[in-house]
Amino acid sequence: QVQLVESGGGLVQAGGSLRLSCAASGRTFNSYAMGWFRQAPGKERDFVATVSWSGSNTYAADSVKGRFTISRDNAKNTVYLQMNSLKPEDTATYYCAAKWGPSPYYSGSYYPNEYDYWGQGTQVTVSS
């Protein structure tokens, strides 16, 4: 089992920044690729970004590329999502997720149903 706890959400004005954290406990954190997803009310859960075990491989959705950065600190069992230049359309509940990976360079999946473990989510609200 892997337990995931997100933090760092809140209310911010458009153009502002937030950094989300996801603390992991349980099984070996650095055997898992990590992803961030988001879900707005009445919408599906969408891919935001992923990072491999090693932290060397990252991918981001086109909608956040250049604004959001995913990273991880395996010594702290934590994955981060730095969000800059926030827009009202970024408003959502943000979830981190863990997917077991066969190699340190495996960077997870775009599809939420392929992840093994999920956190409870943290709300991000961007005002215009």
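A salt bridge is defined here as a side-chain nitrogen of Lys or Arg within 4 Å of a carboxyl oxygen of Asp or Glu. The model is predicted, with local features requiring pLDDT of at least 70 and side-chain atom pairs counted only at pLDDT 80 or more, while totals for chains, interfaces and linings use all residues. Residues are numbered from 1 along each chain as its sequence is written, and side-chain values use heavy atoms, with hydrogens and water left out.

**View 1. Salt bridge between Arg38 and Asp90.** The N to O distance of this pair is 2.9 Å. Arg38 belongs to strand β4 (residues 32-39), and Asp90 to the loop between β8 (78-83) and β9 (92-100), 52 residues apart; strands (E, at least two residues) are DSSP runs numbered from the N terminus. Both residues are buried (under 20% relative accessible area, 1.4 Å probe, protein chains only; exposed means over 50%).

**View 2. Salt bridge between Asp90 and Arg67.** Here the closest N and O atoms are 2.8 Å apart. The pair connects the loop between β8 and β9 with the loop between β6 and β7, across 23 residues.

**View 3. Surroundings of Arg67.** Arg67 has a relative accessible area of 12%. A polar atom of its side chain lies 2.9 Å from the backbone oxygen of Ser63, and one lies 3.0 Å from the backbone oxygen of Ser85.

**View 4. Salt bridge between Lys65 and Asp62.** The closest N and O atoms are 3.1 Å apart, and both residues are exposed.

How values were computed: A polar contact is a pair of N or O atoms within 3.5 Å; within protein, one must be able to donate a hydrogen and the other to accept it, and residues adjacent in sequence count only if both atoms are side-chain atoms. Contact means heavy atoms within 4.5 Å. Helices (H or I, at least four residues) and strands (E, at least two) are DSSP runs, numbered from the N terminus. Lists of a residue's contacts leave out its neighbours within four places in sequence.
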